[in-house]
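Please find below a short briefing on a structure, arranged by topic.

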Number of protein chains: 2
Amino acid sequence: MRKFYLITLLLLGLGASSLLAQDKEADRQDALFIKEIYNTALIDGQGYEWLRDLTSIGGRLSGSPQSLAAVEYTRQMLDTLGLDRVYLQECTVPHWVRGDKEIVRITHSQMGSFDLNAVALGNSIGTGVNGVQAAVIEVHSIEELEKLGPAKLKGKIVFFNRPMDNTKISTFGAYGSAVDQRVYGASEASKYGAVAVLVRSMTTRLDDVPHTGVSYYRDDAKKKIPAISVSTNHAELLSNLLQNGEVRVYIRNTSMMLAPKRSYNVIGEIKGSEKPDEIIVVGGHLDSWDMGTGAHDDGSGCVQSMDVLYMMRKMGYKPKRTIRCVLFMNEENGQEGSKEYANTSNDNKEYHIAAIESDRGGFTPRGFTTEADEDVYVKHFKYVSQWNKLLGPYGLEIKTGGSGADVKRLRSQKGILFGLLPDSQRYFDYHHTDIDTFDAVNKRELQLGAAAMASLVYLLDKYGLDTYKSEK
Amino acid sequence: MRKFYLITLLLLGLGASSLLAQDKEADRQDALFIKEIYNTALIDGQGYEWLRDLTSIGGRLSGSPQSLAAVEYTRQMLDTLGLDRVYLQECTVPHWVRGDKEIVRITHSQMGSFDLNAVALGNSIGTGVNGVQAAVIEVHSIEELEKLGPAKLKGKIVFFNRPMDNTKISTFGAYGSAVDQRVYGASEASKYGAVAVLVRSMTTRLDDVPHTGVSYYRDDAKKKIPAISVSTNHAELLSNLLQNGEVRVYIRNTSMMLAPKRSYNVIGEIKGSEKPDEIIVVGGHLDSWDMGTGAHDDGSGCVQSMDVLYMMRKMGYKPKRTIRCVLFMNEENGQEGSKEYANTSNDNKEYHIAAIESDRGGFTPRGFTTEADEDVYVKHFKYVSQWNKLLGPYGLEIKTGGSGADVKRLRSQKGILFGLLPDSQRYFDYHHTDIDTFDAVNKRELQLGAAAMASLVYLLDKYGLDTYKSEK
């Protein structure tokens with residue numbers, strides 16, 4: 001018995017060390033290839049110059065002429081790469097327009113009349129050309145509305161002023177726990193008879209820059225009321241004034257929702273040589289807000305995704321699986337592009353083994369967050385986490401924590417979904433503002449993101465999702 | 001025999017699990033305290049506002065009135081913190097002045113006469129008021145000079161044009177392998193009869209911003225010749241022109257080295273309650289180049305170091321060991337401050353168990369690099385690496401890779417020396433330029449660096465350097 005065990009152990013040992021030697025050789029080859037990807041991204045990558053052009057088009061809000069110019073520009077750029085297929089995928093998008101420059105005016109006994117730095121939130125209705133004037137009441141949460149009730153809120157302008165929690169290390173965590181005020185503040189306040197809402201801008205800074213972003217009117221909202229974002233400095237000022245007595249504010253905005261428009265996802269792909277039915281997506285969203293030029297949000301994600309295909313061509317890499325770059329339309333105020341993409345993909349019985357979204361800004365990448373259907377997540381996560389040893393030297397780690405608004409719709413296909421995770425500290429300085437422009441993006445930081453995505457695509461393509469050990 | 005083994009194993013197991021429980025409780029307390037440090041840094045930290053004031057003084061080159069104003073400002077700020085001791089440590093520093101705006105002028109048959117974006121390197125002599133004019137010869141390394149020899153170099157302006165290697169992920173690595181041209185280019189070229197040197201700016205970007213930085217005349221240099229830095233865009237242009245034939249350049253700079261001046265390190269300390277003779281230093285350098293306002297280099301490191309003491313006071317933390325903030329004078333062109341500090345410390349038979357330098361910019365921290373005397377390094381490194389589990393959640397890792405120019409002189413005291421390691425991608429956009437100003441620093445990134453330093457100081461203070469397990 002004992003002898004048998006010994007021999008078995010010995011054989012297992014030999015087998016393991018031989019496997020280990022193979023692993024080491026594969027790791028060495030993979031490390032060399034990933035280094036080559038980084039060299040290519042940092043020296044020859046096109047993302048930064050594409051971003052210069054893309055942002056020169058201006059803000060690219062769904063339905064705008066600029067958004068269609070961006071469709072045409074990126075389609076043409078993908079067309080230069082010698083891909084197997086470049087095409088547009090039609091979708092119908094909301095068409096919201098901001099109208100005149102917004103006015104949020106305080107007339108104050110001591111301070112005189114002055115205007116707050118303010119912009120309408122996306123999807124907001126207008127006040128009408130005459131505007132509205134009312135007393136302001138400050139709250140810090142949607143829950144607080146119920147406590148105050150119609151008696152306190154009817155006819156008022158509700159001012160949501162809960163700051164982002166700056167003690168959170170991830171600014172996305174801080175955003176996630178404050179953004180309900182912006183998204184649903186108007187809808188909820190209207191139930192109690194409020195006439196408009198002001199919302200503190202979603203940013204980690206105290207500054208004079210107002211941040212727009214989506215608001216939605218829930219179906220059970222009594223009536224739609226205007227929703228306006230105020231810079232954090234002016235939110236502080238308004239809050240201070242309110243501590244000394246009533247403050248009345250005049251608001252005028254002429255934003256409105258027009259009829260839906262036709263628009264497009266832009267798609268380019270390299271067909272897989274061995275397993276063309278296994279699809280790996282890289283993507284970002286092509287639309288942006290109308291303020292600034294959507295450089296970080298999400299011009300960066302678009303050009304990084306395009307760069308992944310460019311680099312594969314440049315390096316002469318022939319993928320086994322199909323690699324597809326998808327530039328989604330309408331992430332910001334409806335996500336009609338990603339709905340269309342997922343529906344069509346499901347109808348065609350496609351299988352995305354993986355999708356990588358970049359929509360957290362063009363900053364130094366620190367890894368990827370992941371999600372998948374719960375049936376498969378633990379297995380997938382454990383599997384892809386093996387690659388941390390190859391990605392670690394580039395400061396990357398595969399972690400839990402979600403993917404992205406556009407690719408998450410592919411969960412039902414049971415692949416694994418990734419979100420590129422860049423350093424988050426500066427993102428909300430720029431997010432949805434006039435200052436999210438090309439000069440806010442650093443070339444090396446952007447290109448390192450493209451390299452990180454391309455490296456992960458390489459590993460996913462080489463090893464697939466379930467066969468890592470067996471293919472080695 | 002077998003029974004004995006079993007019992008021994010059982011006892012060892014129990015002992016280990018009990019130790020483990022203690023470790024876990026200590027880890028939990030440490031994690032809570034470190035979280036509290038981060039909260040304090042992000043909400044109450046003073047570094048960012050101090051940096052605003054410090055940079056408003058202007059460039060702080062050693063010997064300048066601004067450098068003395070910075071000494072006085074930081075001394076006064078430290079004085080407000082209720083420390084046990086705040087004092088100035090005298091040192092003698094070189095006093096170099098830039099003089100008139102530099103002229104580097106090309107007169108070209110096709111392009112006409114135009115000026116390159118150029119600045120004198122630190123310590124450079126001037127051309128005299130009439131300037132020098134000569135033909136330019138391009139080289140890519142100091143080694144190349146020997147091959148060319150006096151026949152090719154005599155009477156010429158030598159143009160060092162080896163770019164930083166942008167494929168390196170760490171820009172400090174890229175800097176390290178290019179900077180010899182800047183530091184010793186003039187000294188080496190003069191041996192072959194060159195009349196001046198132009199040096200491509202040390203940056204990862206192609207842009208119009210010239211970067212200064214130190215140059216040294218070696219004792220064996222035949223004679224001193226002027227050394228001028230040219231922006232990377234203009235270095236490329238000059239190189240292109242040289243491919244089409246001779247290019248003559250006129251250089252005029254009036255920089256000069258004046259008589260040495262008295263200056264100071266600024267020091268503040270909290271005396272240790274149990275082991276006052278074990279010193280932990282946090283520091284940066286107070287001087288900067290005369291261009292820009294030394295915001296990243298190294299105003300950031302100074303205010304982060306001051307913030308460590310501020311936060312300890314704010315949190316009511318009473319250190320067991322002596323915590324000392326040292327703002328070193330003259331890192332940029334002589335390091336006379338750190339020499340003075342180390343010499344005095346050695347004379348007083350002090351023992352620095354650790355010193356943490358921040359001199360790589362106020363960007364998101366990613367860890368610490370370390371060094372120590374070779375007798376103790378392996379032991380020390382292994383010991384402090386245990387803390388990676390506590391620092392990891394903040395994106396930090398303790399690694400090998402050196403400390404910093406000022407604290408490394410303390411190696412002979414056999415403690416461990418750290419350099420704060422921030423994300424390096426943007427550092428050489430700003431380094432030694434007119435654009436290294438307050439607006440280039442992000443508040444959260446800066447304050448996270450102060451929190452990282454304070455967290456490491458807390459662990460070093462609590463556990464000392466050699467007694468981690470035994471004190472738990």
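Why is H8(A) largely enclosed by the rest of the structure? The reason is that 18 of the 20 residues of H8(A) are buried, a residue being buried if 20 or more other C-beta atoms, placed from the backbone, lie within 10 Å of its own. The model is predicted: local features need pLDDT of at least 70, side-chain atom pairs count only at pLDDT 80 or more, and totals for chains, interfaces and linings use all residues. Residues are numbered from 1 along each chain as its sequence is written, while chains are lettered from A and ligands numbered from 1 in the order in which they are written.

**Helix H8 of chain A**
- Helix H8 of chain A covers residues 295-314; helices are DSSP runs (H or I, at least four residues), numbered from the N terminus.
- Its end C-alpha atoms span only 25 Å, whereas a straight helix of 20 residues would span 28 Å (1.5 Å times one less than the number of residues).
- A:Gly316, which follows H8(A), has a positive phi, near 70°.

**Interface**
- In chain B, 18 residues are in contact with 18 residues of chain A, contact meaning that the C-beta atoms, placed from the backbone, lie within 7 Å.
- Helix H1 (2-43) and helix H13 (443-463) of chain B are the elements that give two or more residues to the side touching chain A.
- H1(B) provides the largest share of that side, 4 residues.

**Relation of the copies**

Terms used. A residue is buried if 20 or more other C-beta atoms lie within 10 Å of its own, exposed if 12 or fewer, and partly exposed in between; C-beta atoms are placed from the backbone. Two residues are in contact if their C-beta atoms, placed from the backbone, lie within 7 Å.
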